[in-house]
Amino acid sequence: MNLLMINIIGLAVIALIIYWFWIYKPKDVQAKDQDIIKITVEDGVYQPSRISVPADTEITLEFNRKDETPCAEMVIFPELDISESLPINKTKTIKLKKLKKGSYQFHCQMQMYKGELHVV
Ligand SMILES: [Cu+2]
């Protein structure tokens with residue numbers, strides 16, 4: 001493999017990383033009052049990772065962790081004082097209180113997994 005090829009591959013990898021971390025924005029999933037939103041924890045992403053919630057409604061999140069790496073073990077909602085460990089291949093239910101308008105992040109302890117609640 002010559003040097004030019006290596007450079008091109010290197011640039012492609014950098015472009016992919018930039019796309020993944022800064023440009024790629026999945027669409028919001030719309031939740032209604034009393035909805036249960038199932039979130040799969042796998043391959044470095046929460047699926048779905050962006051959830052739109054009407055203000056003053058109560059929804060429940062059900063996390064299903066498939067990623068066995070310790071990275072995925074915790075889910076933390078810093079603004080909501082929620083910090084829960086996620087068992088592997090089991091459902092972890094987190095019932096959210098009524099929220100005021102705003103954005104609330106959730107992530108694993110290293111912030112590799114990231115998600116956001118949009119309360120509107
Ligand atoms: Cu992590």
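The protein chain has a radius of gyration of 17 Å, whereas a compact globule of 120 residues would have one near 14 Å; the radius is taken over C-alpha atoms, and the globule rule is 2.2 Å times the number of residues to the power 0.38. Along its principal axes, the C-alpha trace of the protein chain spans about 60 × 30 × 20 Å. The model is predicted, so local features need pLDDT of at least 70 and side-chain atom pairs count only at pLDDT 80 or more, while totals for chains, interfaces and linings use all residues. Residues are numbered from 1 along each chain as its sequence is written, and side-chain values use heavy atoms, with hydrogens and water left out.

The protein chain holds 1 helix and 10 strands. Here helices (H or I, at least four residues) and strands (E, at least two) are DSSP runs, numbered from the N terminus. Read along the sequence, the pattern is α-β-β-β-β-β-β-β-β-β-β. Of the 120 residues of the protein chain, 34% count as buried; buried means under 20% relative accessible area, exposed over 50%, and partly exposed in between, with a 1.4 Å probe and protein chains only.

The strands can be taken next. Two strands pair if DSSP finds at least two bridges between them. An open sheet of 4 strands has the order S3-S2-S5-S8, and its pairing is mixed. Strand S3 (45-47) and strand S8 (91-95) are the edge strands, each pairing on one side only. Direction ignored, neighbouring strands of this sheet are turned by 25 degrees against each other on average; the axes are lines fitted to C-alpha atoms (for helices over the stretch in contact), and angles run from 0 to 180 degrees between N-to-C directions. Within the sheet, strand S2 (residues 36-42) and S5 run parallel and are joined by 6 bridges. Lys 38 stands opposite Glu 62 in S5.

Strand S10 also has a parallel partner: 4 bridges join strand S4 (residues 50-53) to S10. In S10, Leu 117 is the bridge partner of Ile 51. Leu 117 in S10 also has Tyr 104 opposite. S9 and S10 pair in the antiparallel sense over 6 bridges and form a hairpin with 6 residues between them. Gln 111, in the turn of this hairpin, has a positive phi of about 60 degrees. S10 is mostly covered, with 5 of its 6 residues buried.

A second hairpin is formed by S6 and S7, with 4 residues between them. S6 pairs with strand S7 (residues 82-85) in the antiparallel sense over 4 bridges, and Met 74 stands opposite Ser 85 in S7. In the turn, Asp 81 has a positive phi of about 60 degrees.

A search of the whole structure finds 6 aromatic pairs. Rings of Phe, Tyr and Trp (its six-membered ring) pair if their centres lie within 6.5 Å; planes under 30 degrees apart count as stacked, over 60 as edge-to-face and the rest as tilted. The rings of Tyr 46 and Phe 106 have centres 5.1 Å apart and planes at 40 degrees, so this pair is tilted. Because Tyr 46 lies in strand S3 and Phe 106 in strand S9, the pair ties together parts that are 60 residues apart in sequence. Tyr 46 counts as buried at 2% relative accessibility, and Phe 106 is buried with a relative accessible area of 0%. Phe 106 also forms a stacked pair with Phe 77, at 5.0 Å centre to centre and 20 degrees between the planes. This pair links Phe 77 in strand S6 to Phe 106 in strand S9, 29 residues apart. Ring pairs join Tyr 46, Phe 63, Phe 77, Phe 106 and Tyr 113 into a cluster.

Cys 71 (O), Cys 71 (SG) and Cys 108 (SG) coordinate the copper ion at 2.0 to 2.6 Å. Cys 71 lies in the loop between strand S5 (60-65) and strand S6 (74-77) and Cys 108 in the loop between strand S9 (102-107) and strand S10 (114-119), so the pair ties together parts that are 37 residues apart in sequence. Donors are N, O and S atoms within 2.8 Å of the metal (3.2 Å for Na, K and Ca); water is not among the atoms, so sites may look incomplete. Cys 71 counts as buried at 16% relative accessibility, and Cys 108 counts as buried at 0%.
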